[in-house]
Amino acid sequence: MAKLVIVESPAKAKTIGKYLGKDYEVTASMGHIRDLPTSQLGIDVEHGYTPQYINIKGKEKLIKELKAKAKKADGVLLATDPDREGEAISWHLANLLGIDPAQPNRVTFDEITKKGVKEGMAHPRPINEDLFNAQQARRVLDRLVGYKLSPFLWRKIRRGLSAGRVQSVAVRLIDDREKEIEAFKPEEYWNVDATLSASGKKFTARLAADEAGKKLLPRTEAEARAIERGLEGAAYTVGELKRGKRAKQPTPAFITSTLQQEASRRLGFTATRTMRAAQTLYEGVDIAGQGTVGLITYMRTDSLRISDEAVAAAKDYIAGAYGEQYICPYKRTWKTKSATAAQDAHEAIRPSMPALTPDEVDKSISGDTAKLYRMIWSRFMASQMADCQMDTVSVTVYAAGYRFKASGFTVTFDGFTALYEEAVEDKEKKETALPPLAEGQTLVLEQLKSEQKFTQPPARYTEASLIKALEENGIGRPSTYAPIITTIIDRGYVERDQKKLKPTPLGRTVDSLMLEQFPRIVDVDFSAQMEKNLDKIESGRADWRQTIDGFYKDFDASLQAAEKNMEGKKVKVPDEPSSEVCPLCGKPMVVKVGKYGKFLACSGFPECRGTKRLVKDTGGICPKCGQGRMLERKSSKGRIYYACERYPDCDFMTWDVPVPTKCEKCGATLFRHGSKLYCAKEGCGFEMPVPKNNG
């Protein structure tokens with residue numbers, strides 16, 4: 001009789017079943033099968049914070065089938081994901097099916113390949129109670145905060161609100177950044193640049209210091225113009241010339257947070273979209289010539305470790321594709337920031353079969369999974385390649401008592417950059433090669449130019465930079481980054497504005513109240529310490545009930561104090577102003593949030609009940625009718641598109657973003673598609689690359 005192997009998903013079951021053969025039946029639990037009840041707290045606070053788990057509604061038939069299969073089977077193996085969440089699913093399955101969790105019935109797969117499955121099946125173990133208790137403690141903590149705080153927010157702000165332990169900290173980070181931006185006072189400064197030439201080759205040097213070497217940065221136009229006058233007729237001479245060599249190392253293979261950050265920057269993926277594609281790659285896809293195979297190792301990891309076998313496979317490929325000189329001549333290791341011993345049991349995220357190239361994979365898969373595999377494969381391969389070698393040069397140019405500086409580099413060996421370089425969020429000024437120079441050499445001034453600049457406020461968080469901030473502050477863990485962002489957006493506390501995360505008036509109101517009444521809940525250091533406590537539970541160094549008790553007593557006291565402090569008080573969410581006027585009375589309209597999202601309402605409510613649909617004007621004009629404004633709209637699935645305001649009289653719509661740049665041929669609105677701008681007006685056909693200042 002066959003043994004029963006239970007995993008979470010049908011895709012994973014299909015892949016594993018292929019490797020195990022007819023002696024095993026592989027089936028899926030479809031994720032969690034038991035959880036806390038949705039309609040009540042479900043935690044016995046008086047008796048050790050005991051959770052009251054129930055079978056998830058709608059899974060009755062599945063549970064019945066699992067019990068029947070387990071009863072017939074010649075043993076049951078629980079093969080859910082190798083992390084806290086997977087351990088919890090296995091624990092619940094064991095309890096439901098009458099399996100002894102102390103017996104070796106738990107197997108895990110770091111990669112779902114023939115080798116990975118064989119390795120996992122060869123090392124069954126008991127369910128790790130510490131790992132389960134860490135997940136259970138997080139679940140109980142989050143339930144206590146959510147179910148105790150949410151009714152308080154209903155009474156003090158408005159019904160339907162909810163609060164989360166980690167999500168509240170994320171909202172605070174975003175709101176604090178918005179406060180920094182609002183409080184920022186730009187300061188004027190001027191760059192003075194000299195375009196110089198030597199032997200007919202031009203380069204630019206920037207004013208850096210006065211004659212004594214003291215840093216010099218003009219603050220006003222008058223100062224800049226005075227410097228320009230002082231330089232009239234001056235000779236520009238090469239002073240100090242420093243040459244050197246620099247080696248640039250590749251970044252390590254991905255961990256969960258860096259995968260989400262890079263996919264956001266390079267591919268424009270949300271964290272949720274990234275993890276969905278990564279889960280598919282891990283669980284298995286059909287590849288021509290290979291069958292169903294898991295293409296990457298487990299994607300929820302804090303570890304930067306790479307197996308010796310994977311390193312050897314990478315170096316074999318690099319030698320064949322690029323040459324021996326491109327192989328890193330020593331074993332690269334990277335220090336893992338904060339992984340527990342359990343987390344470091346995983347490797348970094350890498351291709352499970354390094355020899356399987358993205359070009360080969362692209363013959364079988366496409367879309368998000370193909371793009372993500374290419375990025376994961378390239379980053380891993382680059383991490384095993386030789387350094388990029390550069391010759392560097394920096395020069396100080398003297399002129400009329402002023403010092404100008406310029407620097408540059410020349411790549412002498414491209415190394416890993418032949419394959420992959422990390423994307424950067426901010427547009428950095430690229431250094432370039434300088435012409436051959438010699439100390440004492442006289443240079444020709446081509447142009448002296450002063451340009452007004454202003455210091456810039458800190459940038460709003462993107463998904464990538466927020467995940468980086470959460471990770472750096474020790475908030476959340478690999479499995480939580482994507483749900484955190486999804487939750488705060490779904491709750492209406494944060495919204496995306498041109499891929500930046502911006503707090504809504506509701507989010508700012510909730511954050512302000514939380515900061516005032518529950519400072520510990522939204523304290524970054526306190527939240528980070530709680531994550532460390534959960535890690536201690538996972539490693540068996542702390543008791544989960546005591547950990548929760550230490551948190552809950554202070555939290556309950558804060559809740560009671562807040563109820564007393566705010567007795568009879570209610571906080572109003574400020575209205576968000578708009579540029580629209582009420583069609584009924586002419587008063588300004590404000591943005592409100594209703595059951596179906598945002599809409600415009602008259603500021604004179606309740607005397608005037610005028611409302612309008614909220615639309616965003618892109619500033620573009622419809623290329624089809626030439627009259628209607630191009631408005632931003634959302635599809636039924638939440639995807640943004642752009643359509644003529646004269647619909648249904650004009651049916652023009654596009655997924656491509658209208659831009660301020662006008663068509664050089666006909667003057668119509670241009671649209672952006674990838675790295676090009678194009679004119680959509682029939683018969684025009686104009687196209688151009690996206691200007692650098694356009695994105």
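1. Among contacts in the protein chain (a contact meaning heavy atoms within 4.5 Å) between residues at least 6 apart in sequence, 66% join residues at least 24 apart. The model is a predicted one, in which local features need pLDDT of at least 70 and side-chain atom pairs count only at pLDDT 80 or more, while totals for chains, interfaces and linings use all residues. Residues are numbered from 1 along each chain as its sequence is written, and side-chain values use heavy atoms, with hydrogens and water left out.

2. As for the chain overall, the C-alpha trace spans about 95 × 80 × 60 Å along its principal axes, and the secondary structure comes to 17 helices and 29 strands, where helices (H or I, at least four residues) and strands (E, at least two) are DSSP runs numbered from the N terminus. Of the 695 residues, 47% are buried, buried being under 20% relative accessible area, exposed over 50%, and partly exposed in between, with a 1.4 Å probe and protein chains only. The chain exposes about 34900 Å², of which carbon and sulfur atoms supply 50%; accessible areas come from the Shrake-Rupley method with a 1.4 Å probe, and for residues only the protein chains shown count as cover.

3. A closed barrel of six strands runs in the order β8-β9-β14-β13-β10-β15 with antiparallel pairing, two strands being paired if DSSP finds at least two bridges between them. The twist from one strand to the next averages 35°, with axes taken as lines fitted to C-alpha atoms (for helices, over the stretch in contact) and angles running from 0 to 180 degrees between N-to-C directions.

4. T237 has Y398 of β13 as its bridge partner, and T392 has F409 of β14. Strand β10 (residues 236-248) also runs antiparallel to strand β15 (residues 442-454), to which two bridges join it; here the bridge partner of Y236 is L443.

5. A separate point concerns the open sheet of four strands, in the order β22-β23-β24-β25, whose pairing is antiparallel. Because β22 (616-621) and β25 (653-654) stand at the edges with a single partner strand each, one side of each is left without a neighbour in the sheet. Between β22 and strand β23 (residues 629-634) there are three bridges, and I621 has R629 of β23 as its bridge partner.

6. Turning to the helices, the axes of α6 (residues 165-183) and α16 (residues 524-538) come within 10 Å and cross at roughly 145°. The contact is made by R165, V166, V169, R172 and L173 of α6 together with V524, S527, M530, E531 and L534 of α16. By class these are six nonpolar, one polar and three charged residues, where Ala, Val, Leu, Ile, Met, Phe, Trp, Tyr, Cys and Pro count as nonpolar, Asp, Glu, Lys and Arg as charged, and the others, Gly among them, as polar.

7. Helix α13 (residues 463-472) is mostly covered, with eight of its ten residues buried, namely E463, A464, S465, L466, I467, A469, L470 and E471. The cover over these buried residues includes α6, α8 (256-267), α9 (271-283), α14 (481-490), β16 (494-497) and β17 (500-503). Just after α13, G474 takes a positive phi of about 75°.
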